[in-house]
Amino acid sequence: MVSIVIVSHSCELAKATAELAREVTQNNCTIISAGGTNDPDHPVGTDPARIMKAIETAYDKSGVLVLMDLGSSLLSTETALEQLTTIDKSNIRLSSAPLVEGAIAAASAAATGQSLDEVDREARLALAPKQIHFDSTETLFSPKDHPSSTTAKYEVQWILNSPNGLHIRSAARLVKVLTGFNSRAVLLKGQQSANAHSITSLTKLGVRCGDTIRLIVDGPEAHQAANAFCQLAKQSFGENILDKTQKIP
């Protein structure tokens, strides 16, 4: 499973960001913080040695995604990467993602077993929901977020009754369930659609309590994927609140 390293000038900020990401993923992903320096007189800054140790601790053959805040954190991380000699550097990725939003998106994707490329992509797209919220003229979804639904074999409609809507944790649970099947899936809310295998894409929909959503799924294991969706929805995507369902033939 891909691991995450959080690099910040502030030790407290790095730890808090890691703690928040762990809470969202329910500790299902390795997240190591590397913030501040070892100098008590100048605690704000970045330390290549501390970053290198964090990467070594977090290392997994599936990959390590490193997120940094600004300025010298990038240079310090690059220095740390140059000094690493005990692990395969090709499995380490320095990401341009925003620190807090990116860490949460990356950890959520990693917890579902996605690849390093996919985890990095989710992290770099993490600002999209906020950008869309404040700019209604922005294009909601790219073409890659639209799996083909013209040959859909199954469609399920659901009225969400979770007070918190389809937030990042419930979206991560849905992605984890669907990635277990050989199928393509798209989730719709009204005229908006999202790739149901992408946490960031799902959160763009802004699904709230009382919204009607539809899952369209096709592929060799479409039936199993649709049934798995229904089972997860009955558990209110992990929120333990009953929802209403209507299956469409």
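This is a predicted model: local features need pLDDT of at least 70, side-chain atom pairs count only at pLDDT 80 or more; totals for chains, interfaces and linings use all residues.
Residues are numbered from 1 along each chain as its sequence is written, and side-chain values use heavy atoms, with hydrogens and water left out.

Helices (H or I, at least four residues) and strands (E, at least two) are DSSP runs, numbered from the N terminus. Four strands form an open sheet in the order β2-β1-β3-β4, and their pairing is parallel; two strands pair if DSSP finds at least two bridges between them. β2 (31-35) and β4 (92-95) are the edge strands, each with a single partner strand, so one side of each has no neighbour in the sheet. On average, neighbouring strands of this sheet are turned by 20° against each other, direction ignored. Axes are lines fitted to C-alpha atoms, for helices over the stretch in contact, and angles run from 0 to 180 degrees between N-to-C directions.

Strand β3 (residues 64-68) pairs with β4 in the parallel sense over 4 bridges. L65 has R93 in β4 as its bridge partner. Helix α2 (residues 48-58) packs on the sheet and touches β1 (3-8), β2, β3 and β4, with a direction at about 175° to that of β2. Contact means heavy atoms within 4.5 Å.

The next topic is helix packing. Helix α7 (residues 168-178) and helix α9 (residues 222-234) have axes that come within 9 Å and cross at roughly 150°. α7 and α9 are therefore roughly antiparallel to each other; angles under 35 degrees count as roughly parallel, over 145 as roughly antiparallel, 65 to 115 as roughly perpendicular and the rest as oblique. Their crossing is right-handed, a term used if the near helix is turned clockwise from the far one by less than a right angle, with anticlockwise giving left-handed. R173, L174, V177 and L178 of α7 make the contact with A225, A228, F229 and L232 of α9. By class, these are 7 nonpolar, no polar and 1 charged residues. Ala, Val, Leu, Ile, Met, Phe, Trp, Tyr, Cys and Pro count as nonpolar, Asp, Glu, Lys and Arg as charged, and the others, Gly among them, as polar.

Helix α4 (residues 99-111) also packs with α7, at an angle of about 30° and with the axes 9 Å apart. That makes α4 roughly parallel to α7. The crossing of α4 and α7 is right-handed. In this contact, I104, A105, S108 and A111 of α4 meet I168, A172 and K176 of α7, a set made up of 5 nonpolar, 1 polar and 1 charged residues.
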